[in-house]
Amino acid sequence: AVPVSTIVSKSNDDNSESNGKHRLTDDVERIVQEHLQYVREDVSNGWDLIHQDGEMKVYRREVEENGIVVDPLKCFHTIKGVTGHEICRYFWEFQYRMEWETTLDSTKIIEALDPDTVIFFQLHKRVWPAAQRDSCFWSHIRCISHSDEDQPTWLVVNYTTPHPLAPIKSPQVRLVANVALICETIISEPPLDPKDIKRENIQCKLTYVAFVNPGGWVPSAALRGVAKREYPRFLKRFTSYVVEQTRNKPILF
Ligand code: 6CM
């Protein structure tokens with residue numbers, strides 16, 4: 001849940017319909033379903049492995065739109081000792097973001113649409129010689145249960161949206177993002193009693209996908225260089241952060 005103190009602007013009439021729907025419900029549903037399809041597509045055709053470090057693999061496809069690099073990115077990782085819920089929770093929750101995100105100047109929640117969907121406004125660190133970027137996106141966390149026996153899949157989707165509280169102000173450039181983090185929990189040698197599951201018996205299989213349009217021209221080689229360096233760095237730092245934070249806490253399934 002979002003601490004009330006972090007919500008700058010909360011709800012308006014079209015957010016609070018009695019059926020729990022809000023103005024972006026249908027968009028959220030559509031994009032979540034697209035990601036659940038897309039995550040199954042493999043990376044054998046047209047994808048380049050740009051980074052590998054142990055279990056972590058980062059792939060990208062080189063794509064340009066009107067001369068702007070918009071390379072899709074797909075990353076796989078397996079992390080020991082944490083659940084998919086824990087990884088997604090730490091990625092989604094506002095209060096942890098600045099502890100693992102090294103590429104941001106600031107982040108804030110400008111609206112809460114429902115308990116699982118908020119709108120963020122973020123200022124990204126400027127990368128010379130490009131103009132500073134900002135972003136405004138809805139962020140949704142969800143648990144998808146397959147059966148009573150199997151562990152559920154958890155996911156977070158971050159998807160660009162306009163917002164009256166986040167007008168585009170030159171010289172900043174608004175980037176456009178469609179990002180998903182999709183996690184499964186694997187339990188090895190499950191004990192008869194679920195209460196006896198230890199961190200050493202669990203691991204999380206993570207898939208992270210990103211479609212980012214920098215929102216204006218950036219030198220292609222510079223942008224590809226930044227992406228090749230920063231995405232593996234983010235995955236390593238973020239996942240180690242979650243391992244550290246959860247080490248001595250009860251397991252959140
Ligand atoms: O997914 C990540 N972070 C989330 C929470 O902050 C959120 C962020 C989405 C935007 C990611 C865009 C980064 C690309 C910035 C490029 C700026 C242009 C530079 C010009 C270079 C010459 O989903 C983790 C994001 C990790 C990014 C490396």
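Modeller: A polar contact is a pair of N or O atoms within 3.5 Å; within protein, one must be able to donate a hydrogen and the other to accept it, and residues adjacent in sequence count only if both atoms are side-chain atoms. The model is predicted: local features need pLDDT of at least 70, side-chain atom pairs count only at pLDDT 80 or more, and totals for chains, interfaces and linings use all residues. Numbering runs from 1 along each chain as its sequence is written, and side-chain values use heavy atoms, without hydrogens or water.

Biologist: Which side chain does the side chain of D71 join in a polar contact of 2.6 Å?

Modeller: D71 sits in the loop between β4 (68-69) and β5 (73-80); strands are DSSP runs of E, at least two residues, and helices are runs of H or I, at least four, both numbered from the N terminus. The D71 side chain also reaches the backbone nitrogen of V63 at 2.8 Å. Its side-chain partner at 2.6 Å is R224.

Biologist: Is D71 buried or exposed?

Modeller: Buried means under 20% relative accessible area, exposed over 50%, and partly exposed in between (1.4 Å probe, protein chains only). D71 has a relative accessibility of 11%, so it counts as buried.

Biologist: Which residues are closest to the ligand?

Modeller: The ligand is surrounded by 18 residues, each with a heavy atom within 4 Å of it. The closest are E101, Q122, N158, Y208 and V218.

Biologist: How many Å separate an oxygen atom of the ligand from an N or O atom in the side chain of E101?

Modeller: Q122 has a side-chain N or O atom 2.9 Å from a ligand oxygen. For a polar side-chain atom of Y208, the distance to a ligand oxygen is 2.7 Å. For E101 it is 2.6 Å.

Biologist: What share of the ligand's accessible area does the protein cover?

Modeller: Accessible areas come from the Shrake-Rupley method with a 1.4 Å probe; for residues, only the protein chains shown count as cover. On its own, the ligand has 710 Å² of accessible area. The protein covers 93%.

Biologist: Why is helix α2 largely enclosed by the rest of the structure?

Modeller: The helix spans residues 84-92. Its residues include I87, which is in contact (heavy atoms within 4.5 Å) with L181, L206 and F238, among others beyond four places in sequence. Helix α2 is largely enclosed because nine of its nine residues are buried.

Biologist: How many Å from C204 is the nearest cysteine sulfur?

Modeller: A disulfide is a pair of cysteine sulfur atoms within 2.5 Å, and the count comes to zero. C143 has the sulfur of C88 as its nearest, 9.6 Å away. C204 is buried at 0% relative accessibility. The sulfur nearest to C204 belongs to C183, at 3.9 Å.

Biologist: How far apart are the C-alpha atoms of S139 and I197?

Modeller: S139 belongs to strand β8 (residues 133-144) and is buried at 0% relative accessibility. Its contacts beyond four places in sequence include W92, D116 and N158. I197 is 58 residues from S139 along the chain, and their C-alpha atoms are separated by 31 Å.
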